[in-house]
Amino acid sequence: MIVGIDKIGFATAKYKLDMTDLATARATDPNKYSIGLMLDTLSIAPITEDIVTLGAAAAEKILTSEDKANIDMVILATESGIDQSKAAAVFVHALLGIQPFARSIEIKEACYSATAALNYAKLHVTVHPQSKVLVIASDIAKYGLHTSGEPTQGAGAIAMLVTSQPRILAFNDDNIAQTRDVMDFWRPNYSTTPFVQGMFSTKQYLDSLKTTWQEYQKRQGLSLDDFSAFCFHVPYPKLANKGLNKLLDKSVSDKAKERLVQNFEDSIIYSRKIGNIYTGSLYLCFLSLLENTQSLKAGNRIGFFSYGSGAVSEIFSGNLVAGFNGMLKYDHLTEIDDRILLSVDDYEKLFFEELQLDADGNANFADYQTHTFALDSIIEHQRRYRKN
Ligand code: CAA
């Protein structure tokens with residue numbers, strides 16, 4: 001049976017920070033960000049926009065009422081959870097009005113977990129071909145002021161509907177995963193921002209890519225010449241670019257190199273403007289490729305490299321389905337470019353605003369701009385959401 005991605009949607013915060021402004025404020029050469037990291041702007045979320053509102057907004061764009069009546073599982077992948085117990089997927093399920101007899105869960109393994117969610121969705125749909133599974137990857141990447149990761153922050157969510165007879169991408173059964181116990185990036189329960197060994201994390205990313213790719217080639221008997229494009233987890237585009245260069249060794253034909261490099265450029269257009277969205281960043285890369293490439297055709301094989309610190313990585317592929325272009329109905333580029341520009345002062349206040357609860361666990365918020373949904377208030381420690 002063919003199972004894969006039938007629909008894909010994206011939502012990001014309504015505010016942005018310009019990297020040149022950040023560079024000036026941090027007394028850094030702007031080229032370090034625009035050339036060294038390959039980043040132009042970052043999405044900045046206010047306190048009323050969280051993984052629930054972003055995830056629900058991304059899904060609301062793509063789902064019809066028929067989809068909502070047939071979805072029987074919602075999986076939300078995140079590493080910026082809002083509750084240690086209740087799954088964010090339960091809030092999303094309610095906001096979207098999905099039929100009640102559905103399973104709703106949240107899963108975690110740093111930036112990797114959306115890939116695990118797709119695997120679970122694939123297995124579920126293979127056994128129940130009428131089912132539709134909503135997979136959401138939603139995160140707010142917040143490293144803290146004046147940290148090495150500050151220029152790579154971001155916010156956004158990708159929603160994917162996994163079905164049989166998909167109309168965008170058909171999964172191949174070729175996944176190779178790798179787990180290694182390393183402390184490159186982690187966030188203990190007592191910390192609101194992650195601990196990062198920056199350079200070590202980039203080495204882990206690149207070495208995981210190299211060794212997982214070697215194993216993939218060995219087991220699947222495929223080479224880069226068999227791929228039309230390769231999508232990467234994008235903590236910042238420069239690292240993904242280094243990843244691509246690592247794969248493009250002497251064995252790859254010039255024709256394949258040219259094709260892969262051009263498609264890579266199209267795949268990072270959105271990440272350059274959004275920054276890191278952790279679990280969703282690999283799939284934002286895929287969306288950017290789909291919406292900006294001119295050269296891809298039905299049947300083309302797309303490779304995916306998923307990486308989550310800690311660390312778990314995975315390489316898999318899918319083939320584009322005939323008519324995939326017709327499933328891309330949104331002008332994401334305009335939406336991204338229309339975000340409100342913040343000064344560095346306002347970014348520092350807005351992105352790092354801390355929750356002020358009264359003695360009874362209530363909080364109200366200023367009237368910030370959010371996408372389709374907003375965190376309205378907190379009443380007796382319960383988060384209340386609204387549709388805008
Ligand atoms: N003009 C042009 N380029 C310049 C420059 C200038 N004036 N100044 C510096 N650069 C270049 C550097 O040469 C370097 O490029 P190369 O890597 O090609 O050598 C690049 O800009 C970055 O500069 P630095 O090496 O000085 O590194 P940095 O201080 O900017 O820190 C980082 C880089 C450690 C990765 C930091 O961004 C960070 O901590 N990021 C968060 C962690 C992260 O993203 N890790 C990625 C792997 S982990 C993962 O994938 C999971 C995840 O999503 C977090």
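A salt bridge is a side-chain nitrogen of Lys or Arg within 4 Å of a carboxyl oxygen of Asp or Glu. In this predicted model, glutamate 348 and arginine 26 form such a bridge, with their closest N and O atoms 2.8 Å apart. Glutamate 348 belongs to helix H13 and arginine 26 to the loop between H1 and H2, so the bridge ties together parts that are 322 residues apart in sequence. Glutamate 348 is partly exposed, having a relative accessible area of 23%. Arginine 26, at 15% relative accessibility, counts as buried.

**Salt bridges**

Side chains of opposite charge can pair when their charged atoms come close. A search of the whole structure gives 18 salt bridges.

| glutamate 348 | arginine 26 | 2.8 Å |

Aspartate 40 is partly exposed at a relative accessible area of 32%. Arginine 272 counts as partly exposed as well, with 22% relative accessibility.

Glutamate 215 and arginine 219 are both found in helix H7 (residues 198-220), where they are 4 residues apart, about one turn of the helix. Glutamate 215 counts as partly exposed at 24% relative accessibility, whereas arginine 219 is exposed, with a relative accessible area of 56%. Elsewhere, a network of salt bridges links Lys7, Asp67 and Lys132.

**Helix H13**

Helix H13, the helix of glutamate 348, covers residues 344-351, and Val344, Tyr347, Leu350 and Phe351 are buried in it. Seen down the axis of H13, these buried residues fall within an arc of 130°, so they line one face of the helix. Asp345 and Lys349, on the other side of H13, are exposed.

Which elements cover the buried residues of H13? The cover includes helix H1 (19-25) and the strands E2 (15-18), E3 (41-44), E6 (132-141), E7 (154-164) and E15 (340-342).

The domain assignment divides the protein into domain 1 (3-170 + 329-387) and domain 2 (171-322). Their C-alpha centres lie 20 Å apart. The contact takes 60 residues from domain 1 and 53 residues from domain 2.

The size of an interface is often given as the accessible area lost when the parts come together. For domain 1 and domain 2 the buried area is about 4,400 Å², with 61% of it on carbon and sulfur atoms. Across this interface the rule finds 3 salt bridges, and the count of residue pairs in polar contact between the domains is 26.

Which elements give two or more residues to the side of domain 1 that touches domain 2? They are strand E1 (3-12), helix H2 (30-37), E3, helix H6 (113-127), E6, E7, strand E8 (169-171) and helix H12 (332-337). E7 supplies the largest share of that side, 7 residues.

Threonine 115 lies in helix H6. Is threonine 115 buried or exposed? Threonine 115 has 2% relative accessibility, so it counts as buried, the cut-off being under 20%. Apart from neighbours within four places in sequence, threonine 115 is in contact with Leu282, Tyr283, Ser306, Glu314 and Phe316.

Lysine 273 is placed in helix H10. Lysine 273 is partly exposed, at a relative accessible area of 22%. Not counting residues up to four places away in sequence, lysine 273 touches Thr41, Leu42, Ser43, Leu333, Ile336, Asp337 and Arg339. With one of these, aspartate 337, the side chain of lysine 273 makes a polar contact of 3.1 Å. Phenylalanine 230 is 43 residues from lysine 273 in sequence, and the two are 20 Å apart in space, C-alpha to C-alpha.

Key: Residues are numbered from 1 along each chain as its sequence is written. This is a predicted model: local features need pLDDT of at least 70, side-chain atom pairs count only at pLDDT 80 or more; totals for chains, interfaces and linings use all residues. Side-chain values use heavy atoms; hydrogens and water are left out. Buried means under 20% relative accessible area, exposed over 50%, partly exposed in between (1.4 Å probe, protein chains only). The arc is that of the directions from the helix axis to the C-beta atoms. Contact means heavy atoms within 4.5 Å. Domain bounds come from an automatic or database domain assignment. Buried area is the accessible area (1.4 Å probe) that two parts lose on being put together, summed over both. A polar contact is a pair of N or O atoms within 3.5 Å; within protein, one must be able to donate a hydrogen and the other to accept it, and residues adjacent in sequence count only if both atoms are side-chain atoms.
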